[in-house]
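Hi,

Here is the structure I promised to pass on. Have a look first, and my notes follow below.

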Amino acid sequence: MPHVTIEYSRNVIEELDFHPIFIRIHEALHSLGTFAIEDIKSRAICYDRHAVGAGRPQSAFAHVQLSILEGRPAEIRTAAGQAILEILRESFHRSWEELQMNLSVEVREMKRDSFFRADSDGPTQLEA
């Protein structure tokens, strides 16, 4: 179930291949023992039009939203957020060093009664 969305400003220095970053995040989440690696889905969105603070051209950002089903202990949510933040630091290291870079992670809990899913590779079932 976990959904990982990386949003970042166009002015970051790195020309990133996100696939290895996604895999690192998937492995970090899986290592916490509560997420099945095959259930984790990731995507990245680049913003051409953005402003950070006063809108200086050297200000950049990367933000990750991790959406998980409610009920996970605070320790798991904290560990997930910290692991993803460290992966962001490593992935955007040049921008971190050369720009005014803002990195953030939000761990969002989704209500079980309002999340629905169906998988095509197994028995069709809707989960709430």
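Of the chain's 128 residues, 34% count as buried (under 20% relative accessible area, with exposed over 50% and partly exposed in between, using a 1.4 Å probe and protein chains only). Keep in mind that this is a predicted model: local features need pLDDT of at least 70, side-chain atom pairs count only at pLDDT 80 or more, and totals for chains, interfaces and linings use all residues. Residues are numbered from 1 along each chain as its sequence is written, and side-chain values use heavy atoms, with hydrogens and water left out.

The chain has 3 helices and 4 strands (DSSP runs, H or I of at least four residues and E of at least two, numbered from the N terminus). Along the sequence they run β-α-β-β-α-α-β.

Now the inside. The largest nonpolar core holds 26 residues, and Val4, Ile6, Ile25, Leu29 and Phe92 have the most contacts inside it. (Such a core is a set of buried Ala, Val, Leu, Ile, Met, Phe, Trp, Tyr and Cys residues joined through side-chain atoms within 4.5 Å.) Strand E1 (3–9), helix H1 (18–30), strand E3 (59–69), helix H2 (74–91) and strand E4 (100–110) each give two or more residues to this core, and H1 gives the largest share, 6 residues.

His26 is also in helix H1. His26 counts as buried because its relative accessibility is 11%. Its side chain makes a polar contact (a pair of N or O atoms within 3.5 Å, one able to donate a hydrogen and the other to accept it; residues adjacent in sequence count only if both atoms are side-chain atoms) with the side chain of Ser42, at 2.7 Å.

Cheers
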